[in-house]
Amino acid sequence: MFEINIDKSTYKNIFFIGIGGISMSALAELMLEKGYNIFGSDRSPSVNTEKLEKNGATIYYEHKKEHIKGMDLVIFTDAISFDNEEYREAVKEKIDLVDRATFLGAIMKNYKKSIAVSGTHGKTTTTSMITEIIKDLEINPTIMLGGQLKDINGNIKIGDSNLFLTEACEYKANISKYFPTTEIILNIDEDHLDFFDNIDHIIRTFKTYVDNLKKDDYVILNIDDENVNTLFPINNCKVVSFGINNDADFMAKNIKFDKFGFPSYDLYLKGEKVNRVELSVLGKHNILNSLAAIAATYVNNISLEDTIVGIKNYKGVERRLEEKGFYNGVKIMDDYAHHPTEIKSSVHAIKRSCKGKLYVVFQPHTFTRTKLLLDAFANSFDESDVIIITDIYAAREKDYGDIHSKTLRDAISSHRENVFYISGFEDILKFLKENTKKDDTIVTMGAGDVYKIGEMILEN
């Protein structure tokens, strides 16, 4: 098993293949701060790579085997293929080689306490909520996010060795390589079906993740989620539950929404009311996210007073129900939702605060997800008034021609009107300008580059 003491390692020169990724760049920045010589490669510059270069990292915007010369350790992202020149050269030269998830799991062991936030949906939001609670406390945490949070000026905050907070993605069973002292499991849903066989395979992976915990560690579970409940019995660690509909250690009752759509609720701890919690983000799903954040900080000895203040101060993270601005009285929003469950929750949350019509511009993410979850996608947009489907964002996949955005448009159109397929972003921009009116809301939705449409509207 790979291990590293980041304060005393014999490694000096570390190379990251795919250094621009949200998690890879954070790990690279941590190691750079710890005094290592950091090198890396990626396809093109980004905010993440530019920040690393400014801080002293050497980054190449192409993959060549010559880059590996003189390296002591090579870390690679899931996004590369095994015929990558740099990867093959590291194997050939017998340089220590480790995948991103294994390296992150080894990093966790350098901290007295570590919190890992997992689940199919809500990881970045919940991690950001916890960040807002703990970022300025004396414990001086180290934090890695899956998004950009203004309050820490990016996706990482580097502290000392007391507390480490990170997201934990299940893709390629990566969570089985993590060793936190506190695990949060927000939900378990069908996703990443280009890797997982089915929902049972996904559940087994989460079970392996829980099995990594020790008797004094905590697992924090959403008791309202049917698939999460299949993880029981759990006997190897301490179990803490949260929920709205079922009896749990941490519960939200007497839920109300203000005129802006922001929820508040009475917080109950083990059956007793302890305080009123107010959120500054939209959606019922964020009530569950906040309960998870409250439970995680509570078991790690953060006061409820600090926690409730931090929860209220949390205004959201980039690309999660983000309000971008206004154009001629039309609200422009952006959301990362790219799974049917996420879309349904986000649309419901936004619709609650709409004065006029809700226009959703959706960019499907990966051909596999669109094909295998087509029926669920088709029923995710029901509360929107107008739906625009643009081309599928391929990400890591090849187009074999067996699924198209028009297929999704037709599936939605079978039970409702005002569904359009528009390929080009400029054409979408023209459609929106010609059809939207004051008090309408436009939300761009998806994990690709669909957010650029909102930026185009605001630029004009």
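One cavity of 30 Å³ or more was counted in this predicted model. The volume of the largest cavity is about 30 Å³. Rolling a probe the size of a water molecule over the atoms shows where empty space is left. Residues from separate parts of the sequence line the largest cavity: H192, L193 and D194, then T366, T368 and R369, and finally R396 and E397. By class, this lining comprises 4 charged, 3 polar and 1 nonpolar residues.

Strand β4 covers residues 73-76, and strand β5 covers residues 96-99. The two strands pair in the parallel sense, over 4 bridges. Within this pairing, F76 stands opposite D99 of β5.

N174 sits in the loop between β9 (163-168) and β10 (182-185). The relative accessible area of N174 is 1%, under the 20% cut-off, so N174 counts as buried. The side chain of N174 makes a polar contact with the side chain of D78, at 2.8 Å.

Backbone geometry was then considered in three further loops. The loop between α7 (226-229) and β12 (238-243) contains P233. The peptide bond leading from F232 into P233 is cis. Its omega is near 0°.

K270 has a positive phi, near 50°, although K270 is not a glycine. The residue lies in the loop between β14 (263-269) and β15 (272-278). K270 has a relative accessible area of 63%. That value is over 50%, and K270 is therefore classed as exposed.

D439 likewise is a residue other than glycine with a positive phi, here near 80°. Its loop lies between α14 (425-435) and β21 (441-445). Is D439 buried, exposed or partly exposed? The relative accessibility of D439 is 35%. This value falls between the 20% and 50% limits, so D439 counts as partly exposed.

N174 is buried, D439 is partly exposed, and K270 is exposed.

Key. Residues numbered from 1 in each chain as written. Predicted model: local features only at pLDDT ≥ 70, side-chain atom pairs only at ≥ 80, totals over all residues. Heavy atoms only, no water. 1 Å grid on protein atoms, 1.4 Å probe; cavity = no way out; pocket = protein on both sides within 12 Å on 5 of 7 lines; lining within 4 Å. Points joined across faces, edges and corners; volume = space filled by probe spheres on them. Nonpolar A, V, L, I, M, F, W, Y, C, P; charged D, E, K, R; others polar. Pairing = 2+ DSSP bridges. Buried < 20%, exposed > 50% of the residue type's maximum accessible area, 1.4 Å probe, protein only. Polar contact = N/O pair within 3.5 Å; in protein donor to acceptor, adjacent residues only side chain to side chain.
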